[in-house]
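Biologist: Could you take me on a close look at one part of this model, and then show me a few helices elsewhere in the chain? I would enjoy a connected tour.

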Amino acid sequence: MVPDIGRGSRTHGLLVYLYGPGKREEHTDPHLVGSWDGFAPDPGRDPSPDPDPKVTLARLAAALDLRVKQAGTSAPAEHVWHCSVRTDPGDRTLSDAEWNTVARRLVHATGLAPDGDPDGCRWVAVRHAEDHIHILATMVRGDLRRPRMNYDYKKAQAECRRIEKEWGLRQLKPGDGTAAKNPTSAERHKAERTGRTETPRETLREAVRQAVAGAATEEEFFTRLREKGVRIKLREAPSGDAIGYSVALPGDRNGEGKPVWFPGSTLAPDLSLPKIRHRLTEADDEPATAQPDNGPRRWSAPAHARRTATGATERATLVFASDDDPQAAAQLIGLGEVLDAAAQTSPAAARAELAAAARSFERATRSHIRAEHADTRALRSAARGIVHAGGALGRGEDGGATAMLLSTLVLVAIAAAHWHSARGHAQQAAAAHQAAQHLRTAYRQAAAAPMRALHAQGRTLPKSDRRKYEATIRAALPNTTEHRAERGHDALVATLAQAEQAGYEPEALLEQAVAMRELDSADDVTHVLAWRLRRLADLPANPSSSPARTKAGARRATSKPSRAPMPPALSRSTAPNPGNRAPRR
């Protein structure tokens, strides 16, 4: 059950809309389901012998505005409180009596008309569809004072959550005030009329998020926005310094023919110019935790950027197991930038699901936990590398590296969901889970070709070699029988063989991959480990794209990696680098 609250100054005009046919003839049988005294005139069902709906509507408007006129200049300029309340599409249809109860509970909860208060504000509830009602109230009490309307939206939300639980309706997640503003009904209707698949507010929010992903400077941020075709208007102080910005879509105009501008802060709380500047300057001032990448650059730029981002993402995720909440909140912001960067540059086959994952995860990047004095430089650098490398192909090494990154991002999204759940962030946890679902779909699309090639290679190994690598897997993993049934078992066997051919010790390398992070949340443990091994051993992400290069004179590992828990800090001096290769003898 979703309440949507607005304010206005035209009681009669709003009633005309509520009792009219609607903008697309969608209103059916408009009628009252409740009112302040239960006897308000109903233009939709006037029982008089010769009813005139226009006259009845004028009487209703006059009755609602009576106290507003009596209050004179002390009445608020925007005296109309308007709240639409909608049930979820999967909910049962509520009766008129039930909607009356919903309306009475909401005007009581918000302080408009408390139960038993004879001086409560006048209100009506109009129903013109099966799934929602509109509550219209005039904000002047019987004693001609204004009602106390502090936090009316939060109070309405809380009451809706109680009604859902009591009536067995779908229970939505409670918010914490950090979500981005939803499009208004007028914005949605306008988008439908103009043939847009989403509102300009949503399009611009995504464009701004993608423009800031990995941007090094404010100038680069605005340049990226202009390259996306977004119109920009800066707000300047008397000194000439920019103190804010607004964005608009070309061709999106209001009734006067002027561009419809959206300030960054109205797109999302973290997209105001001061917040974006803080993100940029913080990344510049803090020391980087990213480990140097000294490996050979034998991959294409998009593939190399994705492999680097996979390592940075793995390292950042370790903080979710610590007690450093500000650091974890910062890593969520950085992970959101990596997702935004990948969404705008990935192969077409996975781009739609990646974009949906980025939109969902955006909600998981904000909570009341402030990301102060936290280092996101590694993740922002990874996002920047993905953007600057350009679009990746859906085949060959680019496609394999995209699957490698997605395999890690699935686990990251699940870890973020668990972190939020443990702190009572219901909306953020649900958003992270939803992002994980989209990422799984994108992963299956990107991993299909490279995994087919790996499966084929694993199945064609000599039996003696297979038995040797399967023994290695049994030693490193519990529930070996279960993992043998997984889709990625042959791929893991093939990867161990290729790693040994390249000069690595399979047992030590596999143990290092297992110790990097928990695997309980993985859909297919062997898939995850195969990708980790291929990155650690610098093997091709797509084995059909280029052969593994044997390392002449490579030394085998003689020591096993420690499985000790990682410390909370991510500093280079205190945390081992999971991206390092297994030691060689």
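**The sheet and its helices**

Modeller: Three strands make up an open sheet, ordered S6-S7-S8, with antiparallel pairing. At its edges are strand S6 (231–236) and strand S8 (262–263), each of which pairs on one side only. Please keep in mind that this is a predicted model. Strand S7 (residues 242–248) is joined to S8 by two bridges, and these two strands run antiparallel. Here serine 246 stands opposite proline 263 in S8. Helix H7 (residues 200–212) packs on the sheet, where H7 touches S7 and S8, and its direction makes about 130° with that of S7. Helix H8 (residues 218–227), in turn, lies across S6 and S7 and runs at about 145° to S6.

Now to the helices elsewhere. Helix H12 covers residues 325–345, and its end C-alpha atoms are 31 Å apart; this agrees with expectation, because 21 residues at 1.5 Å a residue should span 30 Å. The N-terminal end of H12 is capped by aspartate 324, with a side-chain oxygen 3.2 Å from the backbone nitrogen of glutamine 327. H12 is also mostly covered, with 17 of its 21 residues buried.

Helix H21 (residues 525–536) has twelve residues and reaches 16 Å from its first C-alpha to its last, close to the 16 Å expected. Twelve of the twelve residues of H21 are buried, so the helix is largely enclosed by the rest of the structure. Among the buried residues are His527, Trp531, Arg532, Arg534 and Arg535, along with Val525 and Leu536. Just after H21, aspartate 538 takes a positive phi of about 60°.

Conventions
Residues are numbered from 1 along each chain as its sequence is written. This is a predicted model: local features need pLDDT of at least 70, side-chain atom pairs count only at pLDDT 80 or more; totals for chains, interfaces and linings use all residues. Side-chain values use heavy atoms; hydrogens and water are left out. Helices (H or I, at least four residues) and strands (E, at least two) are DSSP runs, numbered from the N terminus. The expected span of a helix is 1.5 Å times one less than its number of residues. Buried means under 20% relative accessible area, exposed over 50%, partly exposed in between (1.4 Å probe, protein chains only). A polar contact is a pair of N or O atoms within 3.5 Å; within protein, one must be able to donate a hydrogen and the other to accept it, and residues adjacent in sequence count only if both atoms are side-chain atoms. Two strands pair if DSSP finds at least two bridges between them. Contact means heavy atoms within 4.5 Å. Axes are lines fitted to C-alpha atoms, for helices over the stretch in contact, and angles run from 0 to 180 degrees between N-to-C directions.
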